[in-house]
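Student: Hi! Could you walk me through this structure?
Tutor: Happy to, let's look at it together.

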Amino acid sequence: MTTKRDPETQPTYSIGVVSRLTGINPETLRVWERRYQMAVPARSGARKSRFYSQQDVDRLALVKALVDAGHPVSSLARLSANELRSRIEASSARTLPVAKRRAALCRVVVLGDALPTRLVAQKAELSGIEIVGVFRAASEFEKKAKALAPEVLLLEYSTLQPETLAHVSRHVAATGARHAVVIFGFGAKATVKQFERAGVLCLQAPSNASEIERACVVARGLAADVADETQVRSGAIPPRRFTGDQLARIAARVPAVKCECPHHLVSLINSLVAFELYSSECENLNPEDRQIHALLHATTASGRALLESALAKLIEFEGFTAE
């Protein structure tokens, strides 16, 4: 269903920002647009880049929640935002008792200057997250935050500097949180990209309550899928998500679906698995080059893990499994 755009609504969100706010992969957004006209973003610039309105983002977030709950995306395409909300409410009331709904909330700890006060004032608007602690001093945060068992850290910085990433990583490790969301005032584009490559979601202030809530929920889901730069440096090898037989079965399903992306991803993963084995053998056979081959092995494994996560989401979207 094509979203009816309010003439006063300005399309301000790029596809990358929409992906981070909703948890929907950019390629999935393009597929939904092409197959179901789920949203019709405005186009701008020489490259005709997509730009989405707040109405688009809100509706896509509702669709994502229902798809995650098991609803086929094709059954949602023509529903209005109100109809999507009604379906979510009906589904939640039917399947989740109050205790479980509370347990499903994302546990967030906030560290910052102005942000804690603002979020506490907007608490009624934050239905998808539970703020379990707020801190203004880093020293107090480091002593008490871990005991609150946060899933996501919401960290406020007036400026983003390259060295800030080390502070974020240390906070995540010290508290046992799954991930972090950073709200910042000013920062160079290159620095923001550095944070995003490390898997840290960044929102520039001022950000409203719904944007912050979505980012926290997305961060909780991304934590298990995003490759950690420190993991690569340490040489940690993520385990394989699919066996060779499972990959072969996925590739065999391609003729039955319209999209050939699963086949291409399987091919890429198999290539990386082969190079992973090769680099590990080189590491063992050439002691003098052990360090560089260990880096190649870990980096290849991390790339493979990212593609496996993408493949898992893709086959879920296409409606079949690896079994």
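Tutor: A definition to begin with: two strands pair if DSSP finds at least two bridges between them, and strands (E, at least two residues) are DSSP runs, like helices (H or I, at least four), numbered from the N terminus. This is a predicted model, where local features need pLDDT of at least 70, side-chain atom pairs count only at pLDDT 80 or more, and totals for chains, interfaces and linings use all residues. Residues are numbered from 1 along each chain as its sequence is written, and side-chain values use heavy atoms, with hydrogens and water left out.

Student: OK, in what order do the three strands of the open sheet run?
Tutor: The order is β1-β3-β2, with antiparallel pairing.

Student: Which strands stand at the edges?
Tutor: β1 (13-14) and β2 (42-44) do; each has a single partner strand, so one side of each has no neighbour in the sheet.

Student: And how many bridges join β2 and β3?
Tutor: Three, between β2 and β3 (residues 49-52). Arg 43 has Arg 50 in β3 as its bridge partner.

Student: Switching topic: which residues have the most contacts inside the largest nonpolar core?
Tutor: Leu 154, Val 181 and Cys 216, in a core of 41 residues. Such a core is a set of buried (under 20% relative accessible area, 1.4 Å probe, protein chains only) Ala, Val, Leu, Ile, Met, Phe, Trp, Tyr and Cys residues joined through side-chain atoms within 4.5 Å.

Student: Which helix gives the largest share of this core?
Tutor: Helix α10 (residues 209-222), with six residues.

Technical notes. Buried < 20%, exposed > 50% of the residue type's maximum accessible area, 1.4 Å probe, protein only.
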